[in-house]
Structures are given as C-alpha cells and as structure tokens.
Amino acid sequence: MLENKNQERTSLEKLGEFGLIEQLTKNTPIHQESTEKGIGDDAAVLHFSNEKTLVSTDLLIEGVHFDLSYVPLKHLGYKAVMVNLSDIYAMNATATQITVSIAVSNRFPLEAIEELYAGIALACKKHKVDLVGGDTTSSTTGLLISITAIGKAIETDIAYRSGAQPNDLLVVTGDIGGAYMGLQVLEREKEVFKVNPNNQPDLEPYSYIVERQLKPEARKDIASLLKVLGVQPTAMIDISDGLSSEILHLCKQSNVGCNLFEDKIPLDPTVISACEEFKLDSTMVALSGGEDYELLFTVAQKDFEKIKGNPNLSIIGHMTEANEGSHLITRGNTKIPLTAQGWNSFQED
Ligand code: ADP
Ligand code: MG
C-alpha cells in the first residue's frame with residue numbers, strides 16, 4: 001500500500017524534522033474553548049474551569065500493534081486516536097485534546113505520514129478534539145505512534161473501575177466480536193495475497209467486521225446518553241482486550257463477582273456467520289477477541305427501567321459477592337469460571 005507508483009514520494013531526509021512538523025501541523029483547527037494555545041510553542045496551554053482533567057496515553061509499535069501490509073495509514077491514524085479517546089470515554093468523560101508523537105524511518109515518504117495525519121485529523125474533527133502538540137523523531141526501524149488524550153468531567157460524573165456493587169447490572173454498548181473477526185478476514189487475505197499478488201480480495205461481504213477492525217468508533221455518545229437517561233454508572237471500562245478480561249478487571253477492582261449470561265451477549269449477524277465460516281465459537285470470540293472499543297459498565301438495579309430496551313445497551317449479567325466468583329452462565333445453564341482468555345473449560349463447577 002505504501003508502494004503506490006503513481007503517488008509522489010517526498011523524502012523525509014530532504015524535508016528535515018522541522019519541515020515535516022510544519023507540513024503535518026499547518027492546518028490544525030481548534031474546537032474546544034479549553035484550548036488556549038495549541039501547536040506552535042514549547043507547550044500547549046489548556047484551561048478547564050470547574051471540571052476535573054483526565055489524561056491517558058497509548059503507545060503503538062509497528063509489528064506489535066499494527067501490520068502495515070493490510071492497515072492503510074489513514075485508518076491507522078484514525079484508530080490510534082479512537083483507542084485513546086475510548087479510554088477517556090470509559091471514565092464517563094468528554095475528550096477534549098490529544099498530543100501525537102511519532103518516530104518514523106526514512107522508508108516512509110512525506111506522503112505516507114500525511115496519510116496517517118489525515119486519519120488523525122478526521123478522528124479529531126468527528127469527535128471535536130483538538131490536536132495541541134506532539135513530538136517528531138526518526139526511527140531506525142519501523143513506525144511508532146504515541147498518543148496522549150486529555151479530557152474533562154465534573155467530579156460526580158467520573159466512573160472508575162472500582163465502583164461496582166453486588167446486584168448491579170452489567171451492561172455493554174453496541175455489539176462485540178466484530179473487530180476480531182475482521183482481523184481474521186484480513187489475515188486470511190494477507191496469506192492469499194502472498195501466494196497470488198494479483199488476486200483482488202472481495203471484502204464486501206465482510207465490510208462490517210473489517211470496518212470494526214480498521215476503523216473503530218469510540219463511544220463518545222454514551223456519556224451523554226446516560227446523562228439523558230439519568231443514569232450514573234457505578235463502574236466503567238472500555239473493551240480493548242475482550243469482554244472476559246474487562247469483566248475480570250471490574251470484578252477485581254470493585255471486589256465483586258459476576259454472572260455473565262451467554263445468551264445475552266450482543267453479536268452482529270455478520271459476526272455469527274464469520275464465526276461459522278472460520279469454525280470459531282462466537283462466545284469465545286466475544287469473550288477473548290478484543291479491539292471493539294465498546295464500553296462495559298455497571299448500574300444500580302434501580303436504574304433497570306431507564307436502560308431496558310435501549311438499542312445501544314445490552315444487559316448481559318449482574319454482579320455478585322466477591323466470594324461467588326466470576327462465571328459465564330451458558331445457554332445450557334452450565335456455570336463456567338471466566339478467565340482472561342475467555343473461560344476455563346477444565347474447571348466446571
Ligand atoms: P520542541 O523542540 O520544543 O520539542 P518541536 O519543534 O518538536 O518543539 O515542536 C514544535 C511544535 O510542533 C510544538 O508545538 C509541538 O507540540 C508540535 N509538534 C511537534 N511534532 C508534532 C507532531 N508529530 N504532531 C503534532 N504536533 C507536533
Ligand atoms: Mg519536539
């Protein structure tokens with residue numbers, strides 16, 4: 001994808017670090033009142049009046065977190081921002097600014113890095129987040145991207161991982177497992193391409209799950225939805241690693257247990273059909289897949305009527321006393337201990 005012969009290739013060596021920064025940051029709009037000074041000085045200046053400030057960072061490394069043989073750079077930029085915004089949204093907060101630091105090797109032309117920044121800019125525009133700074137340096141090997149997201153929330157709105165109580169309802173947004181199945185499709189096409197580079201893959205039947213993998217959308221809408229519904233989540237986390245491991249994080253940090261009901265896990269029909277094709281168990285995919293960037297949260301029982309039937313929200317279980325442990329209740333009504341990898345089939349009780 002980088003080797004498109006029709007495109008111009010401006011070498012980074014010729015451009016230099018300052019030339020590159022100038023090219024990448026020349027049109028950076030500001031949406032937030034709290035941004036007093038963005039790019040262009042030694043530091044950005046932000047101003048939050050009555051709210052708390054939230055900060056979260058992620059580091060993405062080529063070959064570890066992404067594979068440029070099937071991830072277009074524009075998508076990578078978009079996703080890198082979404083992954084960070086998701087962490088701010090997972091505190092029931094609003095994202096306001098990001099900084100972006102990159103290390104690039106000379107194998108990338110300016111045009112490739114501009115693609116990456118086009119994705120970053122699109123994500124910022126969609127979520128009304130300001131790009132207020134960063135750092136640019138060279139790398140001897142691949143591409144490295146570090147993003148810091150900044151957000152705000154009033155103190156009483158912030159949802160920590162530690163606030164869940166026994167009997168609270170466990171709720172997930174959207175549907176899960178799609179990003180993992182999208183990755184399976186892309187990995188398969190990569191192998192096909194290695195054997196026959198002229199083969200044009202037909203990804204159309206998989207467009208939903210491929211998009212879930214390449215262009216995830218962080219749930220900016222949920223904090224405001226919960227506000228409108230009058231619901232304060234007792235605990236919250238985003239789904240980056242898979243439902244099972246995120247549930248266990250909530251349980252551990254809140255010192256509670258959980259019963260998760262297999263038949264309540266929201267799956268898109270295309271995820272189910274892809275699982276059949278790849279001979280994978282769809283529950284296992286939902287529990288262990290990851291990268292869906294949906295939100296997982298708990299609410300008090302009294303809020304049941306407020307969230308019931310909402311198309312964005314699925315009630316998938318409830319919290320218990322810690323000594324009851326964390327379990328998946330299967331369709332066949334078997335109780336299986338949850339593990340970070342999904343479930344432990346050797347420990348049925
Ligand atoms: P310094 O020498 O103080 O680190 P730089 O010359 O690296 O300053 O950066 C100049 C300005 O450009 C600063 O506002 C910085 O935050 C911003 N900047 C540098 N690299 C990036 C980048 N990759 N993305 C966004 N902003 C950047
Ligand atoms: Mg710098």
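A residue is near a molecule or strand if one of its heavy atoms lies within 4 Å of it. With that in hand, select ligand 1: 14 residues surround it, and the closest are Gly40, Asp41, Tyr117, Gly134 and Thr136. Before you go on, keep in mind that this is a predicted model, where local features need pLDDT of at least 70, side-chain atom pairs count only at pLDDT 80 or more, and totals for chains, interfaces and linings use all residues. Residues are numbered from 1 along each chain as its sequence is written, chains are lettered from A and ligands numbered from 1 in the order in which they are written, and side-chain values use heavy atoms, with hydrogens and water left out.

Now show the N and O atoms around the ligand. An N or O atom in the Tyr117 side chain sits 2.7 Å from a ligand 1 nitrogen. A backbone N or O atom of Val100 is 3.3 Å from a nitrogen of ligand 1, and one of Gly134 is 2.9 Å from a ligand oxygen.

Next, color by secondary structure (DSSP runs: helices are H or I of at least four residues, strands E of at least two, numbered from the N terminus). α1 (12-25), β4 (94-104) and β5 (130-138) each give two or more residues to the ligand shell, with β5 giving the most, 4 residues.

Which residues have the most contacts inside the largest nonpolar core? Select Leu85, Ile98 and Ile145; the core has 67 residues. Such a core is a set of buried Ala, Val, Leu, Ile, Met, Phe, Trp, Tyr and Cys residues joined through side-chain atoms within 4.5 Å; buried means under 20% relative accessible area, exposed over 50%, and partly exposed in between (1.4 Å probe, protein chains only). Helix α2 (residues 73-89) supplies the largest share of this core, 9 residues.

Jump to Lys152 in strand β6 (residues 144-153). Lys152 counts as partly exposed because its relative accessibility is 21%.

Last stop: two loops. Asn255, between α7 (243-254) and β9 (256-261), has a positive phi near 55°. Tyr293, between α9 (282-288) and β10 (295-299), also has phi near 55°. Asn255 is exposed, at 58% relative accessibility, whereas Tyr293 is buried, at 7%.

Methods
A polar contact is a pair of N or O atoms within 3.5 Å; within protein, one must be able to donate a hydrogen and the other to accept it, and residues adjacent in sequence count only if both atoms are side-chain atoms.
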